[in-house]
Amino acid sequence: MIGVPKPFPSIWVTWLARLMADEIHCHWAIWFRTRYNYEKLISGFDLAKWNASHQDLLRSRVADLETEGYAVFLEGENWFEIAGRSFLVKVSGKPDIVAMVGDQGFVEDCKTGRRKHSDFYQVLIYLLLLPFSHPRYRKLSLAGRLIYPTEVIEIQAAQVNEDFKAQFRSAIAILNNTTPARKVPSLHECRFCDIPFQYCPERVENRLDEDLENHDLF
């Protein structure tokens with residue numbers, strides 16, 4: 001069984017960042033999300049708790065920035081969608097914060113969990129795409145920041161270099177391909193995946209039943 005094909009393949013920056021950061025070995029899962037609409041599994045993730053923590057951090061950060069004299073634009077105000085010219089894929093994103101003063105802008109994303117490589121990639125993708133996809137930010141000199149509860153990490157525009165752009169295009173090429181990407185089912189990844197068994201029969205939902213302690217190897 002397959003899902004309903006999207007009119008135009010599309011992916012959120014958050015998923016693309018995880019692909020580029022090699023945090024997901026099952027590239028098929030992101031490929032499928034890009035190309036199909038489907039009935040998602042109910043997650044055990046406490047979304048309400050996460051949202052409350054995220055909003056607390058976001059409000060605190062906005063108050064600091066406005067005290068420092070920045071003009072601050074939040075979430076939906078920063079939404080963008082950009083379609084490729086060489087690849088038939090749309091990329092959508094919604095940076096938490098864009099703070100402006102003069103011709104300088106800072107793209108910030110607030111993170112309440114542990115630091116991940118994909119956090120860094122997420123902000124780099126925003127820095128790459130925002131000047132081309134959002135009129136307000138086209139003439140700004142942009143830099144990035146990751147906002148954690150106990151630290152702020154600066155990200156320079158120079159880090160959006162040719163190597164990064166090539167890596168970005170390679171990830172988009174995987175999602176643009178009509179041939180499905182490789183499946184790598186595992187309990188570790190499948191338990192966090194919202195694609196049901198009817199779309200992915202290889203999905204791993206239980207640990208192996210074998211007696212793994214019945215050996216004399218060590």
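Buried here means under 20% relative accessible area, exposed means over 50%, and partly exposed lies in between, with a 1.4 Å probe and protein chains only. The model is predicted, so that local features need pLDDT of at least 70 and side-chain atom pairs count only at pLDDT 80 or more, whereas totals for chains, interfaces and linings use all residues. Residues are numbered from 1 along each chain as its sequence is written, and side-chain values use heavy atoms, with hydrogens and water left out.

**View 1. Ser118 in helix H4.** At 4% relative accessibility, Ser118 counts as buried, and its place is in helix H4, where helices (H or I, at least four residues) and strands (E, at least two) are DSSP runs numbered from the N terminus. Leaving aside residues up to four places away in sequence, Ser118 touches Ala17, Arg18, Ala21 and Glu23, a contact being heavy atoms within 4.5 Å.

**View 2. The packing of H1 with H4.** Helix H1 (residues 13–20) packs with helix H4 (residues 117–133) at an angle of about 120 degrees, and their axes are 8 Å apart; this makes H1 oblique to H4. Axes are lines fitted to C-alpha atoms, for helices over the stretch in contact, and angles run from 0 to 180 degrees between N-to-C directions. Angles under 35 degrees count as roughly parallel, over 145 as roughly antiparallel, 65 to 115 as roughly perpendicular and the rest as oblique. From H1, Val13, Thr14, Leu16, Ala17, Arg18 and Met20 meet Ser118, Tyr121, Gln122, Ile125 and Tyr126 of H4. The residues of this contact of H1 with H4 comprise seven nonpolar, three polar and one charged, where Ala, Val, Leu, Ile, Met, Phe, Trp, Tyr, Cys and Pro count as nonpolar, Asp, Glu, Lys and Arg as charged, and the others, Gly among them, as polar.

**View 3. The packing of H4 with H5.** The axes of H4 and H5 cross at roughly 95 degrees and come within 11 Å, and the two helices are therefore roughly perpendicular to each other. In this contact, Tyr121, Leu124, Ile125, Leu128 and Leu129 of H4 meet Phe164, Lys165, Gln167 and Phe168 of H5. By class, the contact of H4 with H5 has seven nonpolar residues, one polar and one charged.

**View 4. The salt bridge of Asp194 with Arg33.** The side chains of Asp194 and Arg33 meet in a salt bridge at 3.0 Å, N to O, the term requiring a side-chain nitrogen of Lys or Arg within 4 Å of a carboxyl oxygen of Asp or Glu. This pair links distant parts of the chain, 161 residues apart, with Asp194 in the segment after helix H6 (187–190) and Arg33 in helix H2 (residues 27–35). Asp194 is buried, with a relative accessible area of 18%, and Arg33 is buried as well, with 8%.

**View 5. Further salt bridges.** Glu202 forms a salt bridge with Lys183, in which the closest N and O atoms are 2.6 Å apart. Glu202 lies in the segment after H6 and Lys183 in the loop between helix H5 (162–176) and H6, so the pair ties together parts that are 19 residues apart in sequence. Glu202 counts as partly exposed at 39% relative accessibility, as does Lys183 at 25%. Arg61, Glu108, Arg145 and Glu154 are linked in a network of salt bridges.
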